[in-house]
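Open the structure in your viewer and keep the selection tool at hand. The stops below follow one another.

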Amino acid sequence: AVKVQRPGVQSLVSKDLYVLRRAAEVYQGLVERFAPQQRTDYVGLLNEWAVGFYTELDFKNEAANMQTMARGLAEAGGTHVGGGGGCE
């Protein structure tokens, strides 16, 4: 599989997540006011999702995870995982 990241995508994603976070804050306020029995932390949920989203954009981190997985599979025996270089 090949992943392509367009130039400037992290900046664009950051702006989008900022807008989503502001919307989640407004929504959270409405929920707390009109449905106080609802206990979901929408801002916290969005923040956790954003961390995972940024992790997916970090190709160096992903390459390191692939190398770790390849070593683990090689130690288990019978499995070979290809190079996937270019992320050093």
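Two terms come first. Contact means heavy atoms within 4.5 Å. Helices (H or I, at least four residues) and strands (E, at least two) are DSSP runs, numbered from the N terminus.

This is a predicted model, in which local features need pLDDT of at least 70 and side-chain atom pairs count only at pLDDT 80 or more, while totals for chains, interfaces and linings use all residues. Residues are numbered from 1 along each chain as its sequence is written, and side-chain values use heavy atoms, with hydrogens and water left out.

**Whole chain**

Show the chain as a cartoon. It has three helices and zero strands. From the N terminus on, the order is α-α-α. Of the 88 residues, 12% are buried. Buried means under 20% relative accessible area, exposed means over 50%, and partly exposed is in between (1.4 Å probe, protein chains only).

Accessible areas come from the Shrake-Rupley method with a 1.4 Å probe; for residues, only the protein chains shown count as cover. Take contacts between residues at least 6 apart in sequence: 55% of them join residues at least 24 apart.

**Helix α1**

Select residues 9-34, which form helix α1. Its 26 residues should span 38 Å at 1.5 Å a residue, and the end C-alpha atoms are 37 Å apart, which agrees. The expected span is 1.5 Å times one less than the number of residues.

Which residues of α1 are buried? Select Val 13, Leu 17, Ala 24, Gln 28 and Val 31.

**Gln 28**

Zoom in on Gln 28. Its relative accessibility is 10%, so Gln 28 counts as buried. Leave out residues up to four places away in sequence, and Gln 28 touches Thr 40, Asp 41, Tyr 42 and Val 43. Draw a distance from the side chain of Gln 28 to the backbone oxygen of Thr 40: a polar atom of that side chain lies 3.1 Å from the oxygen.

The structure holds two salt bridges. A salt bridge is a side-chain nitrogen of Lys or Arg within 4 Å of a carboxyl oxygen of Asp or Glu.

Glu 25 and Arg 21 form a salt bridge at 2.2 Å, N to O. They sit four residues apart in helix α1, about one turn. Glu 25 also meets Arg 22 in a salt bridge, at 3.6 Å, N to O. Because Glu 25 and Arg 22 are three residues apart in helix α1, about one helical turn separates them. Shared partners join Arg 21, Arg 22 and Glu 25 into one network.

An α-helix has 3.6 residues a turn, so residues three or four places apart point the same way.

Colour by accessibility next. Glu 25 is partly exposed at 29%. Arg 21 is partly exposed at 33%. Arg 22 is partly exposed at 46%.

**Nonpolar patch**

Last stop: select Leu 20, Trp 49 and Phe 53. They make a nonpolar surface patch of about 290 Å². Patches are made of residues with over 30% relative accessible area and no salt bridge; like charges are joined within 9 Å, nonpolar side chains (Val, Leu, Ile, Met, Phe, Trp, Tyr) within 5 Å. Leu 20 lies in helix α1. Its relative accessible area is 42%, so Leu 20 is partly exposed.

Technical notes: A polar contact is a pair of N or O atoms within 3.5 Å; within protein, one must be able to donate a hydrogen and the other to accept it, and residues adjacent in sequence count only if both atoms are side-chain atoms.
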